Amino acid sequence: MEYEEICGVYQQLESTTKGLEKTKILSEFLGKIKSCPETIYLLQGKVFPDYDERVLGISQKLSIKAIAKATGISETEVIKEFKHLGDLGKVAEKIIGSKKQSVLFSKKLTVKKVLTNLRKLSELEGKGTVNKKLGLIIELLHSAKPAQAKYIIRTAIGDMKVGVGSGLLRDAIIESCFKPKNIKQKKEYIEIVQDAYNKSTDFAEVFEKTHKNKLKDISLSPGKPVKVMLFPKAKDVEDAFRIVGKPAAFEFKYDGFRVMINKDEKGDIKIFTRRLDNVTKQFPDIVRYAKEHIKAKAYIIDAEVVGYDPKTKQYQPFQAISQRIKRKYDIKKLEKQLPVELNVFDIIFYNSKNLISEKFEQRRKILEKIIKPAKYKIVLAEQIITNKKKKVEKFFDKAIKEGQEGLMAKSLEAPYKPGARVGYGVKLKPEDKDFDLVITEAEYGTGKRAGWLTSFDVSCRHEDKLLEIGKVSTGLKEKESEGLSFKELTKKLKKLIVEEHGRKVKVKPEIVVTVQYQNIQKSPTYSSGWALRFPRIKQLRPDRNKEDIATLTEIKKEV
Ligand code: ATP
């Protein structure tokens, strides 16, 4: 397929904001790519499936260089255009458009060529690779028409702007493969296709299996991440019993971060966060504990990693170990400074068996059979099974006293549903007023804080859209040694800037923060229609991405 064809789809998508129209455009296009389902990644603005952790590593700076070299215009000129247009894709389109007459672009660009060159970018690392990377992009730009250049650059820097989120893609697959006749039918298909995606986390595979009528073939496979099951909140113990049934299992809700430990048939162990990041290298201690204390040929285990103080052995809140998630150096040192314990609470694959349809009590029994617990290394989540409110309240107090966040209540009979917040388990926590939100815009400070981003627009999620819900400028520290500082957050956000307008910048929505607030008010200022009053940044959540943030529906429940 020619690249031009997919660019036509991008253009159509850009010309409408209506979800139904976008679904129609996409579903028609899907009909044409049955022989090359990988084209779906380009629709998502990527070149790999969602579970794949490879990155292209193309910065704004490198794209500017590539545009300059490909067109023979100076970098200063390109930067000037960028300041004016605020979008490097548009810059490439404009400059290549104006150069078109002077150079003859003979070769037609194919989807395959774009995928191949962009994928190669992820394989290049270290010294001397800059020129190779430039070469790969320039080669594409040389054969690109102006509009194609726009989308090549946007894909390379990971900011497509066209907005094909996972909900939209799922609906388009349904429309293209099933053509549902009414809402009821559509809902049934949503359930089936979403379920398949949550296991596979690869839209190309989901599309291929859907149109070949082989969705049932999608299963779990250790080594490939799946979406974790999520839990709604219960108001109190009675509410928890009402949702999960009686008797129920109650477990400590550990204050750490979620991981899925995978061991494949060959014995290879991988650790994924809930945003599907592979953090195996960062946690050699967990790999060791898994090897030594879990007896099984292959598995996918769901667990919470909790930090503790190496001297006092006191459990620490999540924030204390959060730096271990992204840290790529001094791993050995950090492992000693910030030791962790693995609290295992579920298993969804055991030897060659997929367990997601098994009852929770059954899955827990398997865990009890295969795990040899060792305190401060690997333990099973502390659990009681009861139908008595009093017993639960006592257990809740114990959890809080031991420094944990509260309890999880779980239905004994329920299966595991990857990616869903279905209520097979609920969380019970003391009243808290905070949400995980994603930073979408920011503003540079003035005076003493010039050069630092000091005010941040935070957004919640509504289906595939991100909606602003407030501006936050407190909670951060001046000095790096005191905690999350302006400087640290600025450093992280600067890498993600996609547009600049004076002191304001727009960033890729990748940094998730927990924001505390006092109350929520109606507000015409923000696109969500609501504003958090007195918001304050509590912590970074490097283990989460924009799909894990609070939804508008959840926020409205707290009003
Ligand atoms: P929170 O901010 O309260 O952690 P969340 O919305 O980010 O909630 P939820 O899935 O709703 O995430 O809450 C459950 C989280 O609690 C899990 O994702 C997991 O990380 C953690 N957790 C700790 N202990 C347990 C346990 N025993 N069983 C299940 N989850 C647990």
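## Close-up views of a predicted protein chain

**View 1. The largest nonpolar core and a second one.** The largest nonpolar core has 70 residues, and those with the most contacts inside it are Y3, Y10, I40, L42 and L141. Here a nonpolar core is a set of buried Ala, Val, Leu, Ile, Met, Phe, Trp, Tyr and Cys residues joined through side-chain atoms within 4.5 Å, where buried stands for under 20% relative accessible area, exposed for over 50% and partly exposed for values in between (1.4 Å probe, protein chains only). Leaving aside residues up to four places away in sequence, L42 touches Y3, I6, Y10, V47, V111, V114, L115 and T155, a contact being heavy atoms within 4.5 Å. A second, separate core of 34 residues includes V279, F318, L338 and I366. The model is a predicted one, in which local features need pLDDT of at least 70 and side-chain atom pairs count only at pLDDT 80 or more, while totals for chains, interfaces and linings use all residues. Residues are numbered from 1 along each chain as its sequence is written, and side-chain values use heavy atoms, with hydrogens and water left out.

**View 2. An open sheet of 4 strands.** The strands of this sheet follow the order β8-β1-β9-β10 and pair in antiparallel fashion; strands (E, at least two residues) and helices (H or I, at least four) are DSSP runs numbered from the N terminus, and two strands pair if DSSP finds at least two bridges between them. Because β8 (383-386) and β10 (425-428) stand at the edges with a single partner strand each, one side of each is left without a neighbour in the sheet. Neighbouring strands are turned by 25 degrees against each other on average, direction ignored. Strand β1 (residues 248-253) is joined to the antiparallel β8 by 4 bridges, and the bridge partner of F250 in β8 is I384.

**View 3. Helices that pack on the sheet.** Helix α17 (residues 360-370) packs on the sheet and touches β1, β8 and β9 (406-411), its direction making about 55 degrees with that of β1. Helix α18 (residues 389-401) lies across β1, β8, β9 and β10 and runs at about 135 degrees to β9. For such angles, axes are lines fitted to C-alpha atoms, for helices over the stretch in contact, and the values run from 0 to 180 degrees between N-to-C directions.

View 4. Most residues other than glycine have a negative phi, and most peptide bonds are trans. The peptide bond from K246 to P247, however, is cis, with omega near -15 degrees, and P247 is placed in the loop between α13 (237-244) and β1. N213, which is not a glycine, has a positive phi of about 60 degrees; N213 belongs to the loop between α12 (203-211) and α13 and is exposed, with a relative accessible area of 69%. F534 also has a positive phi, near 50 degrees, and lies in the loop between β18 (530-533) and β19 (536-540), where F534 counts as exposed at 51% relative accessibility.

**View 5. The chain as a setting for the close-ups.** The protein chain contains 20 helices and 19 strands, and its C-alpha atoms fill a box of roughly 80 × 60 × 50 Å along the principal axes. Buried residues make up 54% of the 559 residues. Among contacts between residues at least 6 apart in sequence, 69% join residues at least 24 apart.
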